[in-house]
Amino acid sequence: MGQNAARPRYAVGLMSGTSVDGIDAAVVAMGSSPDGRPLAELVSFRNMPYPSVIRDEIFALFDPRYATVDRVGRMNVLLGELYAEAALTVIAEAGLAAADIAVIGSHGQTIWHAPEPEPAAGYDIAFTVQIGEGAVIAARTGIPCVSDFRAADMAAGGQGAPLVPFTEYVLYGERDRTLLLQNIGGIGNMTVLPAGCGADEVIAFDTGPGNMLIDGLVSKLIPGMTMDKGGALARKGSVNAALLEELKREPYYRQPLPKSTGRERFGAAYVEKVAAYGQDNGLSAEDLIATVTMLTAWSIGDAYRRYVINRYAADALIVGGGGSYNPALLDLLKREMATFGVPVQTQEELGRSSDAKEAVAFALLADYALAGQPNNLPSVTGAKRPAVMGKIAYPCRP
């Protein structure tokens, strides 16, 4: 980006994922290496959980029957307020002032993602909805805010996802090793960085459910719990082979690239289907959670076998996201990838942060957007051309 490495510019990244756990906020120092390669160093990070009443309201908006325009509009502004507070909090914790920050990048909260075009009035229409008003964030913080990143890629014919692979290509690529970067949030997504690759050689796609089915079943079946902390429930249960085979038949796993998915496919209705199977067949909650935990690990290995290994043999798989803190899932994933001879490491083992990775990514994406530079990977999203993703809201200066 041509920035002075001795005097970094600061950006803030805000991320709220499909698990709806809360707001990840990161202050990032932006700079350049001696060879001109962009650098993004984490300065401060904070996760701010959503209040339970707001989390429940967001989940309700995933159902189109409930997501009326008044409810969506209200939550759009309310989340803008919460994101602004998160940004100001993490800036203060970094020992900085708002005036020190060049830009905020906010992913927003996805409530609907429909990347496959459908005909409407003579047009092929694909769309996506992320809420968390950028204009509110800019007004409350006094900092330019870039938000609604996916729309520009979709307007260029892409799926608007995944977006983080651009930043992984910029920050993680190596000359001599082929790396798989696997994020396990609500949805799992894989980025393939072939050794010494150019931007048009990067492969990335959603592998399927990450924590979404696990969390969904825990929330439905275990009173007072929303996640399988430490994988304890999965370890108590047994994988049901018949159910696992049934779940493996999901057509998404065989869908050609590029592809992306979300709660529309693996959300509440899917959880209900799995829970009903368990009730009909006498399976415990722990058995169901063990089975979908195995499904998540399998889907990652299946994606590597189906889309990657015949083109690039990986030297390592690096796991980030909330799933990397689930030892039961991580053990199953290590076993799955061992069949291909691919070792599995976590972001923490590399001295990075799983929790902050996506927030850092949106700080970098916003930095590119503010500079008017393309920040998508058409080879990944299927877009017909590079795009400058993100809508910029500027604060009114007094």
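Ile187 stands opposite Pro209 in β9. That is where I want to start. Strands β8 and β9 pair in the antiparallel sense, over six bridges. Pairing here requires that DSSP finds at least two bridges between two strands. On the elements themselves: helices (H or I, at least four residues) and strands (E, at least two) are DSSP runs, numbered from the N terminus.

Two words on the source. This is a predicted model, so I keep local features to pLDDT of at least 70 and side-chain atom pairs to pLDDT 80 or more, while totals for chains, interfaces and linings use all residues. Residues are numbered from 1 along each chain as its sequence is written, and side-chain values use heavy atoms, with hydrogens and water left out.

Back to the strands. β9 covers residues 203–209, and seven of its seven residues are buried. Buried means under 20% relative accessible area, exposed means over 50%, and partly exposed is in between, with a 1.4 Å probe and protein chains only.

On β8, which spans residues 187–193, look at Thr191. Buried or exposed, this Thr191? Thr191 counts as buried, because its relative accessibility is 2%. Its side chain makes a polar contact with the side chain of Glu168, at 2.4 Å. A polar contact is a pair of N or O atoms within 3.5 Å; within protein, one must be able to donate a hydrogen and the other to accept it, and residues adjacent in sequence count only if both atoms are side-chain atoms. Leaving aside neighbours within four places in sequence, Thr191 is in contact with Val202, Ile203 and Ala204, among others. The list also includes Pro165, Glu168, Leu179, Leu180 and Leu181. Contact means heavy atoms within 4.5 Å.

Next, the salt bridges. How many does the structure hold? The structure holds 15. The criterion is a side-chain nitrogen of Lys or Arg within 4 Å of a carboxyl oxygen of Asp or Glu.

Take Asp148 and Lys391. Their side chains meet in a salt bridge at 2.7 Å, N to O. This pair links distant parts of the chain, 243 residues apart: Asp148 sits in the loop between β6 (145–147) and α4 (150–155), Lys391 in strand β12 (residues 391–393). Asp148 is partly exposed at 21%. Lys391 is partly exposed too, at 48%.

Then Glu272 and Lys220. Their closest N and O atoms are 3.2 Å apart. Glu272 lies in helix α10 (residues 268–280) and Lys220 in helix α6 (residues 212–221), so the bridge ties together parts 52 residues apart in sequence. Glu272 is partly exposed at 43%, and Lys220 is partly exposed at 40%.

Asp302 is buried at 3%, while Arg306 is partly exposed at 32%. Arg305 joins in: Asp302, Arg305 and Arg306 are linked in a network of salt bridges.

Now the backbone. Most residues other than glycine have a negative phi, and most peptide bonds are trans. Here are some departures. A cis peptide bond joins Ala161 and Pro162, with omega about -10°. Pro162 is in the loop between α4 and α5 (164–172). Another cis bond joins Leu257 and Pro258, with omega about -5°. Pro258 is in the loop between α8 (241–248) and α9 (263–266).

For phi, see Ala121: about 55°, positive, and not a glycine. Ala121 is in the loop between β4 (101–120) and β5 (123–131). With 78% relative accessibility, Ala121 counts as exposed. Asp148 comes back here, with a positive phi near 50°.

Last, an annotation. An unreviewed UniProt entry lists Gly17, Thr18, Ser19, Val20, Asp21, Gly22, Ile23 and Asp24 for "binding site". UniProt positions are in the numbering used here, feature names are shortened, and annotations may be inferred rather than shown by experiment. Asp21 lies in the loop between β1 (9–16) and β2 (22–32), and is partly exposed at 46%. Asp21 touches Pro49, Tyr50 and Arg55, not counting residues up to four places away in sequence. Gly22 is in strand β2, and is buried at 6%.
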